[in-house]
Number of protein chains: 2
Amino acid sequence: MDFKVGVVGAGAMGTALAQMIAENVDEVLLYARRKSVADAINNTRYNDEYYPNIKVRPNIRAVNDFKEFNNVEMIFLCIPSSTVRSITAELNDIISKDCILINTAKGLEVSSYKPMSTIIGEETGRPAVAFSGPNIASEMMKGLFTASTIASKNEKYLNDVKNVLESDKFKVNANNDVIGTEYCGIIKNILAISQGIFEGMNINDNARFAIFSKSYIETKDIIEKLGGMRDTVDDYCGFGDIITASTLTVSRNHTLGTLYGQGIIIDENKSGVLFEGKNTVSIFKNIIEDLNVKSTIVDFVYEVIIENKNPKTSFVKLWDNL
Amino acid sequence: MDFKVGVVGAGAMGTALAQMIAENVDEVLLYARRKSVADAINNTRYNDEYYPNIKVRPNIRAVNDFKEFNNVEMIFLCIPSSTVRSITAELNDIISKDCILINTAKGLEVSSYKPMSTIIGEETGRPAVAFSGPNIASEMMKGLFTASTIASKNEKYLNDVKNVLESDKFKVNANNDVIGTEYCGIIKNILAISQGIFEGMNINDNARFAIFSKSYIETKDIIEKLGGMRDTVDDYCGFGDIITASTLTVSRNHTLGTLYGQGIIIDENKSGVLFEGKNTVSIFKNIIEDLNVKSTIVDFVYEVIIENKNPKTSFVKLWDNL
């Protein structure tokens, strides 16, 4: 396909998405924040930090300057949500007015509680496309079967993004419910933490999966109150991603929960990894209070992770309120 | 509570339910098909075949004659679905006209494709109560946290059953959607088999959970076509039970699927265990054709389990139809 696509962020997800997209389009520009990383990818064809044993496709070119994005038709943002505003502002001065921006980060702006689509809209004056699903990046990098949800209010954007992504191996569901699609990815972090806590506490399976049911319904209640659609929660971005993050140990938020459930507190500074879900819990506690929705699962995770309450005491409260 | 409850079937679920109910009511009569089992329970206070290390409560009395049920107010049927018709017919001659019958079996009658509530209705002339949820029997026997859905068209029945079951440890959601509640328990067997097959084939997680999302939506489509409610699928009897059966190795149907996914065919006669899900697959294949619903997941499981097709070939077809 005669299409030039940009990907911002040469981390696990950015590199993997670039790899999948490169099957479908002429050229993918992969932006790395560090020039040394971009140079290494171009010279060795490997992104050693993430995929030391998988060659990046020949039509991926790593870049280190946003100016290179001046004539791309589409940009996937694969960066932490805390940097989305500043980077889209920077991109806005460079990109064409028709360039489509797709967000893959699953978080809210800490200062404003706004989702990424809103921030992209504010900074670039165009609707964003949300991308979310049960997408383990390393599997995408290997070209394994993957499915995602994309959402936008702009039908043309949806069609273009679908065409760029879709293949025999990559299935894409498109919808117009940006709010529902985005918040699924956010709330699933809280659910993954909660299920991790239960595992860490060694809570019995009947209880764990009963609460999981309740949490799933609460997710729908919250998304409806936020203006999204309940049915979106059953799609790849919801059910698929929630189950993946909550049942597999590959999820960082699930691991975080397991540790808290076992009473182990990690040194986040020294760990050098990002627990986006932890910020989300604090923000979400305020959001549901503002919305006047009751969420026993957000309350529980907030007590354990933010207030450092004894998980056993909080569990009894959670169970009583089931 | 001044209530006398009967439980038919002294297997894993019958014994565990009797144990939980015995906390709330005066007396529980636990029917065992073999007199030796009933005698052993009464004499030793253990049901050795299932729970050799957990004492049954003193107010449980094992019986071997349905005549003992002539004045119980409620009977829980914890027997294979293939025996529900004959046993309810037998009970109908003995029990009082106000006695409430609750079914826990998750299957359909092979000859008629009818769900258990219909059969109980036909044989006893009263509406049945469906009981379903993520209920691992051994956890219930230990008195661990458990939650279930009960469903009936009769509000008084629902209240009475709820009162008999509910405790600090046991949460019960009641609804009027008998069809939805029953079929959740049936379709989840098919989903558990499918997820087992994927694990046995070593299908990557992104694919496995994408298909799981699609299967979940198909479950709602089927239940709606059958006359049930989509929302019921999000309750304990749906989401909770589906996740339990599909992600834990404790599920027999999941194990069955894993073996088929690995190309291992078991000797069902010698195994001496009941794979209720296998019957369900054959029946369900016909049901969805009659309903004119498309279900890629029922088709897939049918091909692999009943037609013994190569799972890899069937998988590609399934994925293409996603």
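1. Which residues does Asn24(A) touch, not counting residues up to four places away in sequence? The contacts of Asn24(A), taken as heavy atoms within 4.5 Å, are Met1(A), Asn163(A), Val164(A), Leu165(A), Glu166(A) and Ser167(A). Asn24(A) sits in the loop between α1 (12-21) and β2 (27-31) of chain A; helices (H or I, at least four residues) and strands (E, at least two) are DSSP runs, numbered from the N terminus. With 16% relative accessibility, Asn24(A) counts as buried; buried means under 20% relative accessible area, exposed over 50%, and partly exposed in between (1.4 Å probe, protein chains only). A polar atom of the Asn24(A) side chain lies 3.4 Å from the backbone oxygen of Leu165(A).

2. Basis of the note. This is a predicted model, in which local features need pLDDT of at least 70 and side-chain atom pairs count only at pLDDT 80 or more, while totals for chains, interfaces and linings use all residues. Residues are numbered from 1 along each chain as its sequence is written, chains are lettered from A and ligands numbered from 1 in the order in which they are written, and side-chain values use heavy atoms, with hydrogens and water left out.

3. Extent of the interface. In chain A, 37 residues are in contact with 37 residues of chain B. The two chains bury about 3,300 Å² between them, 62% of it on carbon and sulfur atoms; buried area is the accessible area (1.4 Å probe) that two parts lose on being put together, summed over both. Phe145(A), Asn206(A) and Trp319(A) supply 21% of the area that chain A buries against chain B, more than any other three residues.

4. Asp234(A) forms a salt bridge with Lys220(B), where the closest N and O atoms are 2.7 Å apart. On the side of chain A that touches chain B, α5 (137-141), β9 (146-151), α8, α9 (236-247) and α14 each supply at least two residues. The largest share, 11 residues, comes from α8(A).

5. Helix α14 (residues 311-320) of chain A. Its buried residues are Pro311(A), Ser314(A), Phe315(A), Leu318(A) and Trp319(A). They span an arc of only 135° around the axis, which puts them on the same side of α14(A); the arc is that of the directions from the helix axis to the C-beta atoms. In general, an α-helix has 3.6 residues a turn, so residues three or four places apart point the same way. The cover over the buried residues includes α7 (178-201), α8 (205-225), α10 (252-261) and α13 (296-306) of chain A, together with β9 (146-151) and β10 (170-175) of chain B. At the start of α14(A), a side-chain oxygen of Asn310(A) comes within 2.8 Å of the backbone nitrogen of Lys312(A).

6. Salt bridges within chains. Over all chains the structure holds 50 salt bridges. One of them joins Arg57(A) to Glu23(A), with the closest N and O atoms 3.6 Å apart. Arg57(A) lies in the loop between β4 (51-55) and β5 (60-63) and Glu23(A) in the loop between α1 and β2 of chain A, so the pair ties together parts that are 34 residues apart in sequence. Arg61(A) forms a salt bridge with Glu27(A) at 3.1 Å between the closest N and O atoms. Arg85(B) and Glu109(B) form another, at 2.7 Å between the closest N and O atoms; Arg85(B) is partly exposed at 22%, whereas Glu109(B) is buried at 15%.

Terms used. A polar contact is a pair of N or O atoms within 3.5 Å; within protein, one must be able to donate a hydrogen and the other to accept it, and residues adjacent in sequence count only if both atoms are side-chain atoms. A salt bridge is a side-chain nitrogen of Lys or Arg within 4 Å of a carboxyl oxygen of Asp or Glu.
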